[in-house]
Amino acid sequence: MNHLFVPNTRRVDFQDIVFDENLAVQVERFLREYEHLEILNKYGLPVVNKLLLFGKSGCGKTMTAKAIANKLGKKLKTINLGNIVSSKLGETSRNISAAFKMVETQEAVLFFDEFDSLGKERNYDNTDSSEMKRVVNTMIQLIDSLPENTIIIAATNQIDLIDEALIRRFELKLEFHNPSKIDLDRLYDQLISKYPQEYQKVTRVYDISFAEAETIVLQEVKENIIASELRRTAVVEVSELQEA
């Protein structure tokens with residue numbers, strides 16, 4: 001069963017993520033429901049437990065799913081879609097059902113990354129199309145019967161490839177865009193603040209994703225550190241030669 005899930009190696013807090021104003025409001029509203037879960041349950045009001053994150057790659061969808069699980073004190077179970085989508089007739093639906101069952105017993109967050117892969121992995125000949133319809137129907141039934149104490153989050157860069165009936169099942173749909181210059185500056189400031197000032201000079205590139213910006217910062221900070229160490233080594237060597 002564990003082969004269905006991807007190990008989660010990195011803990012993410014919301015302070016690690018830079019949201020635009022609209023996304024920040026929607027995520028905060030979602031979390032607020034769980035902070036007041038008891039009173040909402042008292043009046044028979046359901047809380048949102050099905051989220052679809054869509055939009056540009058590298059703009060924080062996976063980090064958001066990890067941060068939500070962390071904030072709510074729940075385990076995050078990330079589905080390995082490459083292992084779940086099987087060429088054997090009927091096996092894909094069984095794999096998905098097994099994953100839902102395991103997560104429901106743990107009251108965890110079930111995270112489908114690259115959600116569109118359920119459709120993209122296949123060629124659409126007649127046999128394949130029928131099988132994918134069964135998979136979609138299985139997914140719809142499982143989502144419809146999802147207990148309130150379990151959360152499902154799906155992420156995709158290509159929402160147009162997902163069956164419309166599946167999209168309708170998600171109560172909250174969050175769209176991720178390439179960040180604005182202001183949001184990227186906030187990220188740059190946040191990332192370089194972790195390092196001594198002498199290493200903080202980086203080239204600020206805009207009109208890119210958060211992931212691309214983080215890659216730039218990490219690369220340039222490493223280069224700054226190495227260059228600084230080389231200079232220090234050279235100074236020491238010169239000093240030793242002079243003393244000799």
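1. Of the 244 residues in the protein, 42% are buried. The model is a predicted one, and this share should be read accordingly. The protein exposes about 13,900 Å², of which carbon and sulfur atoms supply 50%.

2. As to secondary structure, the protein contains 10 helices and six strands. Taking contacts between residues at least 6 apart in sequence, 77% join residues at least 24 apart.

3. Helix α1, residues 21-35, packs with helix α3, residues 61-72, at an angle of about 20 degrees, and their axes are 11 Å apart. Angles under 35 degrees count as roughly parallel, and α1 and α3 are therefore roughly parallel to each other. The crossing in which α1 passes α3 is right-handed.

4. On the side of α1, this contact is made by F30, L31 and Y34, and on the side of α3 by I68, K71 and L72. Classified by residue type, the contact of α1 with α3 comprises five nonpolar residues, one charged residue and no polar residues.

5. A further point concerns L142, which lies in helix α7, residues 126-144. Is L142 buried or exposed? The cut-off for a buried residue is under 20% relative accessible area; L142 has a relative accessible area of 16% and is therefore buried.

6. The surroundings of L142 include residues from elsewhere in the sequence. Leaving aside residues up to four places away in sequence, L142 touches I96, S97 and F100. The C-alpha atom of L142 is separated by 9.2 Å from that of K101, a residue 41 residues apart from L142 along the chain.

Technical notes
Residues numbered from 1 in each chain as written. Predicted model: local features only at pLDDT ≥ 70, side-chain atom pairs only at ≥ 80, totals over all residues. Heavy atoms only, no water. Axes fitted to C-alpha atoms, helices over the stretch in contact; angles between N-to-C directions. Helix = DSSP H or I, 4+ residues; strand = E, 2+ residues; numbered from the N terminus. Parallel < 35°, antiparallel > 145°, perpendicular 65-115°, else oblique. Left-handed = near helix turned anticlockwise from the far one by under 90°. Contact = heavy atoms within 4.5 Å. Nonpolar A, V, L, I, M, F, W, Y, C, P; charged D, E, K, R; others polar. Buried < 20%, exposed > 50% of the residue type's maximum accessible area, 1.4 Å probe, protein only. Areas by Shrake-Rupley, 256 points an atom, 1.4 Å probe, with all protein chains shown as cover.
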